[in-house]
Amino acid sequence: MFFVAGAKNKAGSGGGNERRSIYKKFREVDILDKKKTVTALKPGEDRAIFLGLGMILSSVMMYFVLGITILRSYADSVWTEEGVCVVLNSTVTADMNCSYNCGSDCWRVSKYPCLQVYVSVNNTGRVSRLSHNEETQDASSECFYMPRCQKDSVAMHAMIMNISDRLKVNQQVLCYYDPSEQQETVLLTRLYDHSVVFHSLLWPSCMLTGGALIIVMVKLTQYLSRLCEEIGKIKR
């Protein structure tokens with residue numbers, strides 16, 4: 001009986017050792033798989049974070065460029081109020097000289113007609129000179145529109161006369177004026193209005209939001225991964 005019991009005890013201990021050995025192997029394989037997964041995820045997470053940081057940095061640079069160009073011009077503009085201008089007079093007064101590029105270190109002179117347009121703002125009796133936009137106002141304080149200078153002066157003359165005819169037909173146009181009346185000139189269009197500023201800020205804002213979301217998602221994934229590992233250790 002003693003020998004039989006001893007044999008059974010040895011067999012039982014041998015089976016237990018074998019089961020522990022198998023469990024240990026499965027455990028090692030599981031740990032190895034987890035390490036491989038972590039090793040594979042780590043470079044991907046780093047690349048995602050670098051992508052997010054790059055998007056944020058690019059959006060900040062775009063904000064800076066827009067701030068010193070479009071936003072500055074928009075903030076400095078005094079023509080902020082929109083009104084209705086009634087065209088009172090649209091006449092060609094004189095020919096203006098301009099220069100065009102004819103090659104390397106070559107400039108020649110051409111001429112275009114100076115169109116002067118006077119309007120009444122909001123039917124108030126206030127007569128103002130109409131200019132096309134801020135650039136035209138800065139370049140030529142007398143003419144409504146300054147075309148791109150070219151050799152064919154006849155084509156520029158036809159362009160100006162076409163504009164004059166359209167203004168005579170459409171006698172009421174939307175315009176922008178200075179509410180403080182420091183500027184007597186009114187503008188037909190603004191280079192940078194609300195829609196231009198909105199669309200110029202839309203894309204860097206989307207890029208900034210996308211970069212921030214990428215970083216947040218990566219950090220959230222890392223946190224959930226650590227949380228799952230801690231829960232798994234508690235269960236074991």
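Is Met217 buried, exposed or partly exposed? Met217 is partly exposed, with a relative accessible area of 49%, where buried means under 20%, exposed over 50% and partly exposed in between, using a 1.4 Å probe and protein chains only.

## Basis of the model

This is a predicted model, in which local features need pLDDT of at least 70 and side-chain atom pairs count only at pLDDT 80 or more, while totals for chains, interfaces and linings use all residues. Residues are numbered from 1 along each chain as its sequence is written, and side-chain values use heavy atoms, leaving out hydrogens and water.

## Overall build

The protein chain has 5 helices and 5 strands, which are DSSP runs numbered from the N terminus (helices H or I, at least four residues; strands E, at least two). From the N terminus on, these elements follow the order α-α-β-β-β-α-α-β-β-α. Of the 236 residues in the protein chain, 26% are buried.

## Nonpolar cores

A nonpolar core is a set of buried Ala, Val, Leu, Ile, Met, Phe, Trp, Tyr and Cys residues joined through side-chain atoms within 4.5 Å. The largest one has 14 residues, and those with the most contacts inside it are Cys85, Val117, Val119, Leu130, Phe144 and Val186. Two or more residues each come from strand 1 (81-103), strand 2 (106-121), helix 4 (153-169) and strand 4 (172-177), and strand 2 gives the largest share, 4 residues.

Leaving aside neighbours within four places in sequence, Leu130 is in contact (heavy atoms within 4.5 Å) with residues including Val117, Phe144 and Leu188.
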